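Thank you for making the time this morning. I would like to walk you through one structure, and I will say what each term stands for as we come to it.

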Amino acid sequence: MASVTYDHVVKRYTADVTVVKDFNVEIKDKEFMVLVGPSGCGKSTALRMLAGLEAITEGQIRIGDRVVNNVAAKDRDIAMVFQSYALYPHMSVYDNMAFPLQMAHMPKTEIDKRVKNASRILGLDNFLKRKPRALSGGQRQRVALGRAIVRSPKVFLLDEPLSNLDAKLRGQTRIELQKLHRDLETTFIYVTHDQVEAMTMGDRIAIMNAGILQQVGTPGDIYDHPANLFVAGFIGSPTMNFVPVTTSDSTAKASGFDVKLPKSVPAGKATLGFRPETLTDRIGDQHNAIDMSVDVVERLGSDQFLYGQVGSDSVTARVDPKMKVEPGDKVRLGLDTRSLHLFDAETELAQF
Amino acid sequence: MDFSVLLQDIPTLLVVILGVPALLVGYIVGAEFLVRRLPDKNRPQVRPWIWVGPALAMVAAILFIPAIATFIQSFQDNHGNFVGFQNYQTQLSGFPSSGAWIAIRNSIIIWLVIYMILVLTFGLTMAVLFDRIQYETVVKSLIFMPMAISSVASGVIWKFMYWYQPVGANQTGTLNAVVTFFHHDPVAWLQDQWPGGLAILNNLALITVATWGLTGFSMVILSAALKGIPGDLLEAARVDGAGEITIFRRVIFPLMMPTVVVVGTTLVIFAIKVFDVPYVMTNGNFNTDVLALRMYNLLYLSHNNAAAAAVAIVLLIAVVPVLIFNLRQFRAVEARR
Ligand SMILES: Nc1ncnc2c1ncn2[C@@H]1O[C@H](COP(=O)(O)OP(=O)(O)O)[C@@H](O)[C@H]1O
Ligand SMILES: [Mg+2]
């Protein structure tokens, strides 16, 4: 149990390959922090620097109050679950889980107690004698988790632990991981490229892109108040609609509609953002009427998404699943003006 | 080289160049033609035998039949009369210092154990040490280089290394030059039967030569096995709190073990069969005889075919169990991939 601090951390492989740039984040004790971003953005590298598997080029990483830059991986008291699970193929499930405890020179009876306990929590009781080769993907994943939880480490690191599971198992495991976090009361740092995992699991989310930390906040915070165009586009599915607009005072003019902004902004070009669920078939006081010509209709049972054109811009709308729409139709929709976002055309930073 | 001898008999040359491929093609086409006539369900059973047939015939002609003939001959005298176990008795009498016993001891104990241990240890050490250095390929190529030298040539090279001149004379042998530099008397590496006539020293000198030749081979194979271990396993072990030596002992070595066993048993077979190095360097004198060399000398120097056959069978009996174990182990390694 400990907090983790990244203090101006930089990772450079060669003079011109900088993979993590000026990374600053403070992860509180017992927090579930999700590090999310597109593939190749440097999430794993950030995590591996904390684990001690990668040298830190500049800055400091602290676990609690202790600077760990020069502490060997084996002495950091950290547990890590790898994407590939990295189980020892020549050891039984039991020995895989006992290994970190043996490394800590724990007495045999204590090791046995802890391994049995972890295997009960994870439902691995019947597989303790098996080799990893004889397990399914989901079971292997549990062994990897088990090997990490037996130790009661200071910090628990998970690098895309669910990405090798099928969709159903992934959903179940997501819930179990959250339960595990509650029970263990340990700091979790969880890396994923999947924004759904990030939104559902994290106490807080840190979003990275191209080695740069974009925004840190609670899922709700980030969803409602994205700091920039990248975050707005990355979080949420289907993605937020982005429409180029010309602003003057407190109106924004797009190719197919005008909208009143909640506050006045300098005149000029900008990008208007609104989520599909704010463009609906409800039309009222708070809604701007918008005409859309529908190209594609996606019915998901509980939802219905319309993909089409407004003026010369492509937008997505989320309408009542009972509404009868066919591709080619022209429909009148309402845009909820209470949750608009405006992004600077140059800096891409959110103005609101 | 002078190939003109080939041209003296053009018809035979033509038969060889054209006839052999024609025969093979004819065999395949003809056999396929016949297989096609078979009912559908029999074809998959018959076809593989057609294709392995020529290879089986060759193995039978040059391996099995001679082996059986040798086996029979080992129970006959040199005139073809059946003599029971007499050849074996002659070879195995005079324990422990005459007959075939010196060769048996050298081949099946000294060479087998020491050679295997040396080559494995050096190979493994180098594979691990050179795994993470900068000029890995260059260094490994250098160590692999002796593999390109025939054992006979390396025997000759090492004879210069071991060269001995009497005390007081200039030492032209590399090793003795070093030894005398430190004011020690020169050592007759290949003749000295230290300790006390057991002839460990000169046998060790021979084993060193073979080890020098084969360490690169074992290093390359073990290094491939080492590289086959996923890096994240080692990282997982590091995070789990293991130091580098523990990681080697608990993760790397166990995962390399199947390969170590395959290399080890291959070395055992090489050791039991060793011939060239002792032949070139000592010709089996000074108690450095080995089984294969003894067989050769009995056959070509003494013209004692019967005794040679008996030694050959002893050699075969020593090798076969190792060979079977080796094949099994190799298959087990392959099956795990
Ligand atoms: N040893 C290395 N040398 C140079 N670049 C590397 C090295 N390892 C990783 N990278 C680069 O660092 C970037 C970030 O990698 P990584 O942290 O694994 O991304 P993520 O986990 O977010 O997908 C990638 O673009 C990758 O190509
Ligand atoms: Mg990654």
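Let me begin with a proline, Pro96(B), which is found in the loop between helix 4 (86-92) and helix 5 (101-129) of chain B, where helices (H or I, at least four residues) and strands (E, at least two) are DSSP runs numbered from the N terminus. The bond that joins Phe95(B) to Pro96(B) is a cis peptide bond, with omega at about 5°. A cis peptide bond also joins Trp194(B) and Pro195(B), with omega at about -5°, and Pro195(B) sits in the loop between helix 8 (174-181) and helix 9 (200-227) of chain B.

Before going further, please keep in mind that this is a predicted model, in which local features need pLDDT of at least 70 and side-chain atom pairs count only at pLDDT 80 or more, while totals for chains, interfaces and linings use all residues. Residues are numbered from 1 along each chain as its sequence is written, chains are lettered from A and ligands numbered from 1 in the order in which they are written, and side-chain values use heavy atoms, with hydrogens and water left out.

Turning to chain A, which residues are around ligand 1? They are Tyr13(A), Val19(A), Ser39(A), Gly40(A), Cys41(A), Gly42(A), Lys43(A), Ser44(A) and Thr45(A), a residue being near a molecule if one of its heavy atoms lies within 4 Å of it. Helix 1 (residues 43-51) of chain A gives the most to this shell, with 3 residues. Oxygen atoms of ligand 1 lie 3.2 Å from a polar backbone atom of Cys41(A), 2.9 Å from a backbone N or O atom of Lys43(A), and 2.4 Å from an N or O atom in the side chain of Thr45(A). Taken alone, ligand 1 exposes 570 Å², of which the protein buries 56%, and these accessible areas come from the Shrake-Rupley method with a 1.4 Å probe.

How do the two chains meet? In this model 17 residues of chain B are in contact with 23 residues of chain A, contact meaning heavy atoms within 4.5 Å. Chain B and chain A bury about 1700 Å² between them, 63% of it on carbon and sulfur atoms, where buried area is the accessible area (1.4 Å probe) that two parts lose on being put together, summed over both. Of the area that chain B buries against chain A, Val239(B), Asp240(B) and Arg250(B) supply 39%, more than any other three residues.

Side chains of opposite charge can pair when their charged atoms come close. Between chain B and chain A the count is 3 salt bridges, a salt bridge being a side-chain nitrogen of Lys or Arg within 4 Å of a carboxyl oxygen of Asp or Glu. Glu235(B) and Arg48(A) meet through their side chains in a salt bridge of 2.7 Å, N to O. On the side of chain B that touches chain A, the elements giving two or more residues are helix 10 (231-239) and helix 11 (244-273) of chain B, and helix 10 of chain B contributes the largest share, 7 residues.

Finally, a search of the whole structure finds 27 salt bridges over all chains. Arg114(A) forms a salt bridge with Glu110(A), their closest N and O atoms being 3.0 Å apart, and because these residues are 4 apart in helix 3 (residues 108-122) of chain A, about one helical turn separates Arg114(A) and Glu110(A).

Note on methods:
Polar contact = N/O pair within 3.5 Å; in protein donor to acceptor, adjacent residues only side chain to side chain.
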